[in-house]
Amino acid sequence: MKKAYYYFSKAEEFIACALLVAVVSLVFISAVFRTIGQPLNWATDVAQLLFAWSIFFVVDLSMREKSLIKVDMLLEKLPVRVRKYIQIIWQVIIIIFLISLIAYGIPLCINSVDRKFTNMNLSYSWATASVPVGSILLVITSIINLVKMIRSEDGTYAEGGKDLC
């Protein structure tokens, strides 16, 4: 299981990087073509679609690697045991929020089937599908982190993805 999750994580990392490179490239190329008087109208829509997906992949990687920004000045002043319980409660709240994103994201995706991107004949559901799919990935990562928090003495989990699963 650890090995499969490791390869899944590596694939997810590659996809996230590829999506970000594609978004930046499309926006840059679109700007250059617009400057020379030949706008690529479709490039903005494709960049928007790819950006929607890249957000969830990058956030999932950041959550797994413990590289999200957090302000823990007050938390650090609390006893270790209290800190652990607060972090566990916070992780449960995050999971509940992500489950609500899944629950509301699926109908959003279904309702967006007939809506098309402005300059493409592509359903906007391809963009809105990033919400439930990305939230599912985040729930998996959050549950793994929660289990690590519960098992640890101080409520932390391994940094840098070294101890996946």
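Me: Why is E12 called buried?
Reply: In this predicted model, E12 has a relative accessibility of 1%. Buried means under 20%. So E12 counts as buried.

Me: What makes the contact of E12 and R64 a salt bridge?
Reply: Their side chains meet at 2.5 Å, N to O. A salt bridge needs a side-chain nitrogen of Lys or Arg within 4 Å of a carboxyl oxygen of Asp or Glu. The pair E12 and R64 therefore counts as a salt bridge.

Me: Which parts does this pair tie together?
Reply: E12 lies in helix α1, residues 2-35. R64 lies in helix α2, residues 41-64. So the pair ties together parts that are 52 residues apart in sequence.

Me: Is R64 buried or exposed, and how do you know?
Reply: R64 has a relative accessible area of 4%. The limit for buried is under 20%. R64 is therefore buried.

Me: What makes R64 and D60 a salt bridge?
Reply: The N to O distance is 3.0 Å. The cut-off is within 4 Å. R64 and D60 both lie in helix α2, four residues apart. That is about one turn of the helix.

Me: Is D60 buried or exposed?
Reply: D60 has a relative accessible area of 0%. Buried means under 20%, so D60 is buried.

Me: What about R83 and E76: how do you know that they form a salt bridge?
Reply: Their closest N and O atoms are 3.9 Å apart. The cut-off is within 4 Å, so the pair R83 and E76 counts.

Me: Why are α4 and α6 called roughly antiparallel?
Reply: Helix α4 covers residues 80-111 and helix α6 covers residues 130-151. Their axes cross at roughly 160°. Angles over 145 degrees count as roughly antiparallel. Helices α4 and α6 are therefore roughly antiparallel to each other. The axes come within 9 Å, and the crossing is left-handed.

Me: How do the residues of the contact of α4 with α6 divide?
Reply: There are 18 nonpolar, six polar and one charged.

Me: At what angle do α1 and α2 pack?
Reply: They pack at about 150°, with their axes 8 Å apart. Helix α1 passes α2 in a left-handed crossing. The residues of this contact divide into 20 nonpolar, four polar and five charged.

Me: How does the reach of α2 compare with what is expected?
Reply: Helix α2 has 24 residues. From first C-alpha to last, α2 reaches 36 Å. That is close to the 34 Å expected at 1.5 Å a residue.

Me: What follows α2, and what is its phi?
Reply: K66 follows α2. K66 has a positive phi of about 55°, although it is not a glycine. K66 is found in the loop between α2 and α3.

Me: Why is K66 called partly exposed?
Reply: K66 is at 27% relative accessibility. K66 falls in between, so it counts as partly exposed.

Me: What makes L74 exposed?
Reply: L74 is at 69% relative accessibility. Exposed means over 50%, so L74 counts as exposed. L74 is found in helix α3, residues 73-76. The C-alpha atoms of L74 and P39 are separated by 51 Å. These two are 35 residues apart along the chain.

Me: Why is I144 called buried?
Reply: I144, in helix α6, is at 16% relative accessibility. The limit is under 20%, so I144 counts as buried. I144 and R64 are 80 residues apart in sequence. In space they are 8.8 Å apart, C-alpha to C-alpha.

Methods
Residues numbered from 1 in each chain as written. Predicted model: local features only at pLDDT ≥ 70, side-chain atom pairs only at ≥ 80, totals over all residues. Heavy atoms only, no water. Axes fitted to C-alpha atoms, helices over the stretch in contact; angles between N-to-C directions. Helix = DSSP H or I, 4+ residues; strand = E, 2+ residues; numbered from the N terminus. Parallel < 35°, antiparallel > 145°, perpendicular 65-115°, else oblique. Left-handed = near helix turned anticlockwise from the far one by under 90°. Nonpolar A, V, L, I, M, F, W, Y, C, P; charged D, E, K, R; others polar. Buried < 20%, exposed > 50% of the residue type's maximum accessible area, 1.4 Å probe, protein only. Expected span 1.5 Å × (residues − 1).
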